[in-house]
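Here is a short report on one protein chain. Look at the fold as a whole, then follow a few of its pieces.

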Amino acid sequence: MHYILSARRAFVSVGLSLLLAGPLSAAGRRLALEDITADPPIFGRSVTGVAWRPGGREFSYVVRKGTGEEAISELWVEDARNAGRRLLVSTPGLLVPSDARADDPAHPMAKPPAPIQPKRLPLEGYRWSPDGQAILLTGDHDLWIYRVDPRRLERLTRGPEDEEFATFSPDGRRVAFVRKNDLYAVDLASGRETRLTSDGTENVFNGRLDWVYEEELASRRGGAYEWSPDGLSIAYLRLDDGPIADSPIVDFLAIPAKVVTQKYPKAGTANPIPSFRIVRADGSAGPHVELDRDGYIAPDFSWTADSRSVSYRVLPREQNREELRILDAATGASRTLSVEEDPAWVNTFEAPRFLSDGRYVWKSERSGFAHLYVGSVAGGEPKPITRGEWTVDHIVGVDARRGVAYFTANVENPRRRAIYRVGLDGKGFAKLPSAPGTHSGELSPDGRFILETSSTVSTPPVLSLLDSSGRLVRVVDRPDNRLAEFDLARTEEIETTGDDGVKLLARLVKPAAFDPSKKYPVVIFVYGGPHSQVVRDQWGATTVFDQLLASRGFLVWSLDNRGSSGRGHAWEARLLREMGKNELADQLAGVRYLKSQPFVDPSRIAIWGGSYGGYMTLYAVTHAPAVWKCAIAGAPVTDWKFYDTIYTERYMRTPAENPGGYAASGLLTRAKDLKAKLLLIHGLADDNVHFQNTVAFIDALTKAGRPYELEIQAAQKHGFRGKAANDFRNAAMLKFFEENL
């Protein structure tokens, strides 16, 4: 489940009434609605597609220039050692240097007649070849290879169907991709294409994920296959969606209206049937593992360095046990390397990283907090190399030659993320020097450099190059922004307590011209769901929409209740089997804090959120109706029987197992208790939280005689896209708060 209705990420910033940012302008102008969706954004445009070129000496990134139809994208390559950089290619139109050639007729893949250039060749999603001498691009429904030296463009596939999730083989000889739910590989020397699977249909997925797996289990991409290091085999996931019932999504703009069916497993109903398989690059089948329909196979796999075995993970439908297994690619024998168990559920992380000496690096929550472990292919339980009541976020990289792992973690403060290093033997734990805020990074292939992105709640992201000790080599990208033009709000970190005395972390956004002698209305933004953080010292944790509200005289408050991430598994698992109850208790503790402040008007408190935040908004206004003056709920789940199996059953189990929990967590029977003014927002094409949820709640409100306002947008999914849709929504929300709060 993901956010809607804002550019917010599910992150958290929290603290001790500490001022994070004062007004960024002493006498700027007030934000206007059109500033929210300005192009380029008022906070600047960062480079994208940052990647290390194989070898570790250079890295690449995409720079977007211009706006609208005049915008172009440029792919630059920069030397890590001396800052020398050069333009590799730009699009649209594939503007290449003068020495470049397109569709070289001398190349064996060239099949005249052929277009000199594709009509559209976006740079987003480019991939480097293993030798760093070419990039893989997708355009005009085909795959293209752009050779760096000498520069030329080669067409790799030809046909009307899309090729998706394309990757080079590690030996650089082939490219694999998915076409119409089947896996293919094309030999780069001969251009010969081999179909690796042949049973792909509308309901059978080979090497790619269906909707529910991609939404709820994937950690990296929509593809679900992995090359062996020697480039001779591919391990892949096969999903059979045949048992899943169809859910309708109606396109009301078509004439006549068009019904699109989606395979969407609602809680308690049939699931995809998964199997884990190996296929050789020549098309011959390898071993496979079948699973019954009540289990899951995590879609991230990893091979051992010698290509002899591949790891995969299986979970029961309850998701309270995860087995890390390894499959022998030659014999088909499978054995268990490690087991994770938890009475609530097991969070799935990325696949283990295997090293050439037979060890693997693995992230586990078995201690109650996410930490790094090192295990062995030979067997035995993995050993922890990090410990403590804090969480490891992401692995920045593993330098196997030097025996060091780099990672981000919230050791000092749940609000922030810094980069740390530790030896694979558990020794030498250290924090890399950094300023406060949130940091992420990517280790170079040779282990000598780190590309780091850092930001705070008041400072947009900066891309920097560090050496492996964390010393700043140089700033690579600090986007120009127009923030100084505006009178912007300031954000304070707040710490308060729950009913049982537990520490709760929150933030408060105050108008730039805040006057402590005045009484202010408060808008509470809530997400509240599992495995997410809202209050975080990171750019985007508070949004331009928060700033807009503050510029109109509102205070904006957010609090991370139990159920959120970043504070250990027990904190997150508090919502098991009954969603809403414990989350609301903590949110109401935050309201009590607000009401204790002399500058808060206790009679003017509003709440809003999208997705799980939409659910929490409706739960709040129906279970504590006297607290709220008005509320906005975007794409809310209104009964958990309407949501998907993997997400819902992880936290609630099935409706048959937990009928009381579903009844207590559902909102339809509580519509009669609504007192606050309510605006509901939903996209009719939402394939995540179906419009069915809002329709059912409207029906309950109608039967109860409770008034509401409704904004629906045709063709919009879970998270509105496009300037017109977002401008209209933002204006409706601002108008609603100004009129009702």
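Two strands pair if DSSP finds at least two bridges between them. Helices (H or I, at least four residues) and strands (E, at least two) are DSSP runs, numbered from the N terminus. This is a predicted model, in which local features need pLDDT of at least 70, side-chain atom pairs count only at pLDDT 80 or more, and totals for chains, interfaces and linings use all residues. Residues are numbered from 1 along each chain as its sequence is written, and side-chain values use heavy atoms, with hydrogens and water left out.

**The whole chain**

The protein chain holds ten helices and 46 strands. Its radius of gyration is 26 Å, close to the 27 Å that the globule rule gives for 741 residues, so the chain is as compact as a globular protein of that length. That radius is taken over C-alpha atoms, and the rule is 2.2 Å times the number of residues to the power 0.38. The C-alpha trace spans about 75 × 65 × 60 Å along its principal axes.

Of the 741 residues, 59% count as buried. Buried means under 20% relative accessible area, exposed over 50%, and partly exposed in between (1.4 Å probe, protein chains only). The accessible surface of the chain comes to about 28,800 Å², and 51% of it belongs to carbon and sulfur atoms. These areas come from the Shrake-Rupley method with a 1.4 Å probe.

Contact means heavy atoms within 4.5 Å. Take the contacts between residues at least 6 apart in sequence: 60% of them join residues at least 24 apart.

Strands of a sheet pair through backbone hydrogen bonds, either parallel or antiparallel.

| Hairpin | Residues between strands | Glycine and its phi |
|---|---|---|
| β2 and β3 | five residues | G55, about 115 degrees |
| β28 and β29 | six residues | G368, about 100 degrees |
| β29 and β30 | six residues | G379, near 120 degrees |

β2 (residues 48-52) and β3 (residues 58-65) run antiparallel and are joined by three bridges. W52 stands opposite F59 in β3.

β29 takes part in two of the listed hairpins. Six bridges join β28 (residues 359-364) to β29, and the two run antiparallel. Here K363 stands opposite L372 in β29. Two bridges link β29 to β30 (residues 383-384), again antiparallel. Y373 has P384 in β30 as its bridge partner. How many of the six residues of β29 (residues 371-376) are buried? Five are, and the strand is mostly covered.

**An open sheet**

Four strands form an open sheet in the order β31-β32-β33-β34, with antiparallel pairing. β31 (392-399) and β34 (430-431) stand at the edges, each with a single partner strand, so one side of each is left without a neighbour in the sheet. Five bridges pair β31 with β32 (residues 404-409). V398 has A405 in β32 as its bridge partner.

**An enclosed helix**

Why is helix α7 (residues 645-652) largely enclosed by the rest of the structure? Eight of its eight residues are buried, so the rest of the structure largely encloses it. Among these buried residues are Y647, E649, R650 and M652. The buried residues of α7 pack against α2 (211-216), β22 (295-297), α6 (612-623) and α8 (659-665).
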